[in-house]
Amino acid sequence: MKNKYDFWENWKNKTDIEKDAIEKVELARDLVVKSVPKKVLIAIYIKGSFVRREMKEGSDVDMVPIVTEYKYQGKIWETNVPEVQPCCIVPLSLEELKENKLFSKSDIKPDLRAKPDRFLDKLNECKLIYGIPLNPKDFSMRSDLVVLQDSITTIKDGYILAYTKGKIDFSSLLKEVFWLVELELKVRGIKVEHSFQGILKAIKDPYHMIHQALAFRLGKGTQAQKKVFIKKLEKYLNELEK
């Protein structure tokens with residue numbers, strides 16, 4: 001029976017990657033719904049490349065269940081079983097959204113994870129696949145300028161260092177570069193579609209490093225070129241700070 005939440009039913013020309021992801025999303029959703037009492041599961045959202053139809057080989061499907069209290073997250077984390085991959089199920093609680101703070105501990109220092117208000121800021125880009133939608137106005141959120149300043153610091157002191165030490169892969173760093181550029185444009189008053197291609201279209205400078213970032217994302221480039229790219233990134237971050 002067709003589910004009213006299954007927005008992918010209207011997709012045309014689904015790729016094999018998308019077809020496999022859809023099966024895993026449906027399985028993961030079912031496991032999440034069964035993992036906790038119904039009254040504590042507020043909603044389940046899907047975000048990221050799956051929603052934008054930008055999935056490639058190796059892409060994750062980001063699933064965000066929303067629960068009333070942090071104490072219920074453990075059971076949901078347990079639904080990250082091999083059978084649901086490439087789904088990555090990362091729950092949030094109303095408590096964390098209200099305090100704009102993640103209660104779980106990060107394996108990497110400094111913490112590279114986005115604060116909960118970033119999820120709320122992009123809620124219109126997410127898709128509800130279960131439950132009742134959240135209203136971002138019910139929660140306090142940082143201004144775009146403050147988020148930009150925080151992001152610069154996180155990339156400089158966190159992502160670049162974590163990559164050079166082998167704690168994260170290059171694609172994770174690249175993704176943050178895209179979202180940083182998007183945020184900069186937004187602070188400057190330039191409307192940008194929240195997608196890799198949307199960001200590219202908004203950049204008029206043909207020599208902007210975002211074009212090289214896309215090439216890397218498509219699997220092009222050498223290790224030497226990556227080192228040069230990081231130098232460019234560090235220069236870009238320093239210029240943003242001024």
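I note here that the model is a predicted one.

**Entry on Phe 196 and its partners**

I then looked for ring partners. Phe 196 forms an aromatic pair with Trp 179, and the two rings are stacked, with 5.2 Å from centre to centre and 15° between the planes. I checked where the two residues lie: Trp 179 belongs to helix H7 (residues 170-187) and Phe 196 to helix H8 (residues 196-202), so 17 residues separate them and the pair links distant parts of the chain. For Trp 179 I recorded a relative accessible area of 18%; the cut-off for buried is under 20%, so Trp 179 is buried. I also noted a charge at Phe 196: the charged end of Arg 52 sits over the ring, 5.0 Å from the ring centre.

**Entry on the rings around Phe 7**

I looked up the total and recorded 13 aromatic pairs in the structure. One of them joins Phe 7 and Trp 11; the pair is edge-to-face, with centres 5.8 Å apart and 70° between the planes. Why does this pair count as edge-to-face? The angle of 70° is over 60 degrees, and therefore the pair falls in that class.

I checked the accessibility of both partners. Phe 7 has 16% relative accessibility and counts as buried. Trp 11 has a relative accessible area of 14% and is buried.

**Entry on Glu 26**

Glu 26 lies in helix H1 (residues 16-35) and is partly exposed, with a relative accessible area of 31%. Not counting residues up to four places away in sequence, Glu 26 touches Asp 6 and Trp 8. The side chains of Glu 26 and Trp 8 make a polar contact at 3.5 Å. I also took the C-alpha distance from Glu 26 to Asn 124: it is 21 Å, for 98 residues of separation in sequence.

**Entry on salt bridges**

How many salt bridges does the structure hold? I recorded 15. I looked up several of them in turn.

Asp 111 and Arg 113 meet through their side chains in a salt bridge of 2.9 Å, N to O. Asp 111 is partly exposed at 33% relative accessibility, and Arg 113 is partly exposed at 32%.

Asp 117 forms a salt bridge with Arg 118, in which the closest N and O atoms are 3.8 Å apart. I found 1% relative accessibility for Asp 117, which counts as buried, and 16% for Arg 118, which also counts as buried. Asp 117 meets Arg 142 as well, in a salt bridge of 2.8 Å, N to O. This second pair links distant parts of the chain: Asp 117 is in helix H5 (residues 116-121), and Arg 142 is 25 residues away, in the loop between strand S5 (127-131) and helix H6 (144-164). Both Asp 117 and Arg 142 are buried. I traced the shared partners and found one network of salt bridges that joins Asp 117, Arg 118, Asp 121, Arg 142, Asp 144, Asp 150 and Lys 186.

**Entry on helix H7**

I checked the length of H7. Its 18 residues at 1.5 Å a residue should span 26 Å, and the end C-alpha atoms are 26 Å apart, which agrees. I listed its buried residues, among them Phe 170, Leu 173, Val 177, Trp 179, Glu 182 and Glu 184. Against which helices do the buried residues of H7 pack? I recorded helix H2 (49-52), H5, H6, H8, helix H9 (209-217) and helix H10 (223-241). Just after H7, Gly 189 takes a positive phi of about 85°.

I looked at Glu 182 of helix H7 in detail. At 5% relative accessibility, Glu 182 counts as buried. Its side chain makes a polar contact of 3.0 Å with the side chain of Lys 122. Leaving aside neighbours within four places in sequence, I found Glu 182 in contact with Lys 122, Val 192, Glu 193, His 194 and Ile 199.

Note on methods
Residues are numbered from 1 along each chain as its sequence is written. This is a predicted model: local features need pLDDT of at least 70, side-chain atom pairs count only at pLDDT 80 or more; totals for chains, interfaces and linings use all residues. Side-chain values use heavy atoms; hydrogens and water are left out. Rings of Phe, Tyr and Trp (its six-membered ring) pair if their centres lie within 6.5 Å; planes under 30 degrees apart count as stacked, over 60 as edge-to-face and the rest as tilted. Buried means under 20% relative accessible area, exposed over 50%, partly exposed in between (1.4 Å probe, protein chains only). Helices (H or I, at least four residues) and strands (E, at least two) are DSSP runs, numbered from the N terminus. A charge sits over a ring if NZ of Lys or CZ of Arg is within 6 Å of the ring centre and within 35 degrees of the ring normal. A salt bridge is a side-chain nitrogen of Lys or Arg within 4 Å of a carboxyl oxygen of Asp or Glu. The expected span of a helix is 1.5 Å times one less than its number of residues. Contact means heavy atoms within 4.5 Å. A polar contact is a pair of N or O atoms within 3.5 Å; within protein, one must be able to donate a hydrogen and the other to accept it, and residues adjacent in sequence count only if both atoms are side-chain atoms.
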